[in-house]
Amino acid sequence: MTRLDPRPGERIDRSRTITFTFDGKPVEAFAGDTIASALYAGGRRIFSRSFKYHRPRGEMDWAGQGASSLVQVDGAPGIRASSEVVRDGMVVEHQNAWPSLDFDVMRMSDIAGGPFTPPGFYYKTFKWPRRAWPLYERALRGVAGLGRLPERQDDREWRTEYRRRHCDVLVIGGGIAGLSAAIAAARQGADVVLADDDVEPGGAQLAEGGHERVRALAEEARAAGVEVLSNAPALGFYDGLVPIWQGDTLHQVRARRHVAATGAIEQPLVFKDNDLPGVMMTGGARRLAALWAVRPGTTAVISTTGDRGLDAALALREAGVEIAAIADLRPDAADRELGAAVQAAGIRLLAGMTVVRALGRNGVAGAVLARVDPTGKATGTLEEIPCDLLAVSGGTAPATSLLLQSGAKARYDAATSRFLAELGDGVVHAAGAVAGHEDADAAAVSGTAAGLDAVVALGLGGATAKRELTNERKRLDVLPPQSPVAAPPAYARDGRRGGKAFVDLDEDISAKDIAYAVAEGYDSIELSKRYTTVTMGPSQGRHSQLASIRVLAAVTGRSLDDVGITTARPPWSTVPMGALAGRPFEPAKRSAVHGRHRELGANVKWAGDWRRAYDYGDPEGEAKAVHDAAGLIDVSTLGKLLVRGPDAGAFLDRLYPNRVSNLKPGRIRYGVLTSETGRITDDGTIARLDDDSFYVTTTSSGAGAVYNWFTWWLADWGMRVHITDVTQASAAMNLAGPRSREILQSLTDADMSADGMTYLDALPAQVAGVSCLVLRIGFTGELGYEIHCPAPHAQDLWDAVMQAGAEHGIRPFGLEPQRILRLQKLHILVGQDTDSESTPFGAAMPWIVKLDKEDDFIGRWALERAVEHPASTALVGFSLPDGDVPAEGAAVLDEGGAPIGQVTSARHSRQVGKVIGMAWVPSAQAEDGAQVTISYDGRTYDATVQTSPFHDPEGTLVRS
Amino acid sequence: MSFLLTCPHCGSREVTDFGFGGEVSSRPKGRPSRRELNEYAYFRRNVAGIQREWWVHRSGCGAWFLAERDTRTNEVHWTATPQDAPGAPDRGSSHVEGAP
């Protein structure tokens, strides 16, 4: 065990033990441990196998930034063991290794490696013979990728909630700078959100000596009213919208001002076998010791380019690690204050040297240190020092990605050998290490200044805030300079053969691979990135971007400034697809009577958003019942609008090509809606309830669009009209058939006699004790009543009608029989029989357009022209001798056999004894008795055109 | 595309709450010529700059309103109901077919 005695500021609770399994074996951990810290405490050093070469990998940063600790947790792949906190009963498995993590046969690709695995290897090698690709693909799929997706769909989905949060200031990053900024802004009255990706705010200081200070600041921030989000990485900057992923919630935060306090990322060094387990960043080693009280190693060698490594040496020694030596690339390291301090503590300091190779097979056993020339080649004697921990620090790179996404420009800073973000005058401020203020005190001051800057820009805080801002800026100006950091060589090496120097551990890209890409002509940073995939792994270039730029600069002989930086793109932190896709959301609408349809054995299908009864098992029998006795169909899906107000009639006159305002109260008229281009967009009935009120129905699928259409024009015209959408509030059912009058009369005191309630009458009535609006219309072609009622009473009404109709032979009928019935009457279905080119004239409804109307209406001008230039095709009915039913969409051919129209509806009708349908045919043939040729599936049919209904052409039944 | 719009009734909301009705253009007053009709029905100015346009609060109160927005930056200068919109009320404007 390498667990240390209790450490001040540790994150674990030693009084609570958590047990989970790793590859089937139980592992004991303390509450607050991560998977990786618990495994490391138990002696495990290898956490994963690398992407391409299957090399053993340990964890380097202990903050879950890289891909080295990816494991499978409870079936979910790609979880970072070094940041995932342990839970009881968690099932953790390794991924990307077979048969085991400690012995992986695919390591062959590393050992044989070399010539077989350069960049682009797959594309170059597996392209011939082309026929064999499916074979290659299957083999390659087997070895590519990390982890396995759960087999069952249910195990791959979870709920993600979206939360929209608008605030004054969003602070990204909860280190000392971010906390200071949040506190400063909140104290001036701003509504502040702070998002941090660790389990608690505090940032680098949590593990680097300032835990008391930052934890106190976090408390202060909460007390000041800051909403602190932990475990909440910001994913990117999208036009001012910052998505923040926090477990099952995706916060979509929109702030008026942003403070980026994203810190700086400690950089690894590039040298031979720099990926061996046991190589860590100094910050990683310190986190392991400070937060989880785990000793990162027994004997350490430290290789650094600045004070960070010296500082780490003292901290690690204090945690019980013996420091064998420090190589500090700065020649004057020994003369510096910290250099003197480590030497005084008895630590061997090798100034001007750096690590050129890590020794060991499956873990660090030693380090080779040397002086190097500017290209990184070792000069002079090599010094081999045995150790089991090699802590490295290649300086830091400001985490500028979010800033760059927000529009800041990258600028190379020669003095510190790194890229900084140059802010514009936008809504984003930067604070702390990302802005170059790395020391704790400097970060705090710059944070406070940024927070005040943000509130002053928002006009909050008044004169006090302005005065404080001036003071903070003054303090910022007199801060002591940062300690110097040496620029490491692109690629340090000892000149001996063997070993790989990795630039990108996620993607297994070595310095050699980048040189290879340059040799092949991919010599710009953007091209070599795409060719080699460097920086494209889970860490998104956190540890590899600067290193890859250095290698490219070295290989091409250019400066870093000249090579430049690749475009920063979201996501900055990895996020499950599911969190972005949101939860599956396919709303289904069901009528209030739906339960009854199910009980009656309805065949339920989708109809737009609705679940509808297509039939009850016998569509033709159901249609027959309507002809012979009575049928009841649920038509609750119809759109229903109440249009009320003194101008209601005039308003509808402007929307419909026919007249509405002269409709008498209690009467109904059919109406077609046209667009400005005269095309049919919807149809339905309009019932006038009284002088100022109309009850308008629309098609089922058009309900929303018609409501929008009406309200849009109303907003434009500003008439005295109010529109209420009662589609969901009202249910409707159509009682149709010769016996329907008797059935309805038995349920109401209202006069339903042929004279009392004539065709196209609308009458409010109590039916079976329910307040209804009864519309006498005849979509089915038989005597019929459309009964509208409040949805909550619909099922009672349905039951009452069915009960009353039982003795008359009533049957429920579905959508399919209704389609047969309406086809017999040549009643069109908008969208089925018409398309976006259909005018009322083409659709054989010239009578619906009243061009003699005094006033303008929507589509009038286009319809006037349509009269002048008749369309080449027209919608007609057709019949075929009983037999095959041509599919909807079958072509109508002209004499030459070329398609000129199409079949829009076709059904077998038992009532008519034929196959009947509707089709668009040449206008010249749009007359009774004309013959047209229909072609479908290689066969042709000779159809007879009919322009009048097949059933009851005179309409005596509906009027009876 | 991501920005905020202020519904005159409900207040500031994400743009995804709204439906877009296109730029405001004027409907011919009298009987238009064929050319005028075609321009009205099919052509839009599509400016790169400040544009007056229709929006509907689809996921909210359902109201249609006007906005003036810079199409280059998505900066919204104002939103208002048609009767409260600055300048002469542009009654009888063009509505693109197919509601949002």
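## A strand pair in chain A

In strand 2 of chain A, Val27(A) is the bridge partner of Phe20(A). Strand 1 (residues 13–22) of chain A and strand 2 of chain A run antiparallel and are joined by seven bridges. Strands here are DSSP runs (E, at least two residues), as helices are (H or I, at least four), numbered from the N terminus. Two strands pair if DSSP finds at least two bridges between them.

This is a predicted model, in which local features need pLDDT of at least 70, side-chain atom pairs count only at pLDDT 80 or more, and totals for chains, interfaces and linings use all residues. Residues are numbered from 1 along each chain as its sequence is written, while chains are lettered from A and ligands numbered from 1 in the order in which they are written.

Five strands of chain A form an open sheet with mixed pairing, in the order 2-1-7-5-6. At its edges stand strand 2 (25–31) and strand 6 (76–80) of chain A; each has a single partner strand, so one side of each is left without a neighbour in the sheet. Direction ignored, neighbouring strands of this sheet are turned by 45° against each other on average.

Let's turn to the helices. Helix 8 (residues 282–292) of chain A packs against helix 9 (residues 307–318) of chain A at an angle of about 25°, with axes 10 Å apart. The axes are lines fitted to C-alpha atoms, for helices over the stretch in contact, and angles run from 0 to 180 degrees between N-to-C directions. That makes helix 8 of chain A roughly parallel to helix 9 of chain A (under 35 degrees is roughly parallel, over 145 roughly antiparallel, 65 to 115 roughly perpendicular, the rest oblique).

Helix 20 (residues 619–628) of chain A and helix 25 (residues 815–824) of chain A pack at about 55°, with their axes 8 Å apart. That makes helix 20 of chain A oblique to helix 25 of chain A. Pro619(A), Glu622(A), Ala623(A) and Val626(A) of helix 20 of chain A make the contact with Glu816(A), Pro817(A), Ile820(A) and Leu821(A) of helix 25 of chain A; residues are in contact if their C-beta atoms, placed from the backbone, lie within 7 Å.

## Confidence

The model scores ipTM 0.92 and pTM 0.82. Chain B averages a pLDDT (the predictor's confidence in each residue, from 0 to 100) of 86, and 86% of the residues score at least 70. Over residues 96–100 of chain B, pLDDT stays under 50.

Terms used: Two residues are in contact if their C-beta atoms, placed from the backbone, lie within 7 Å.
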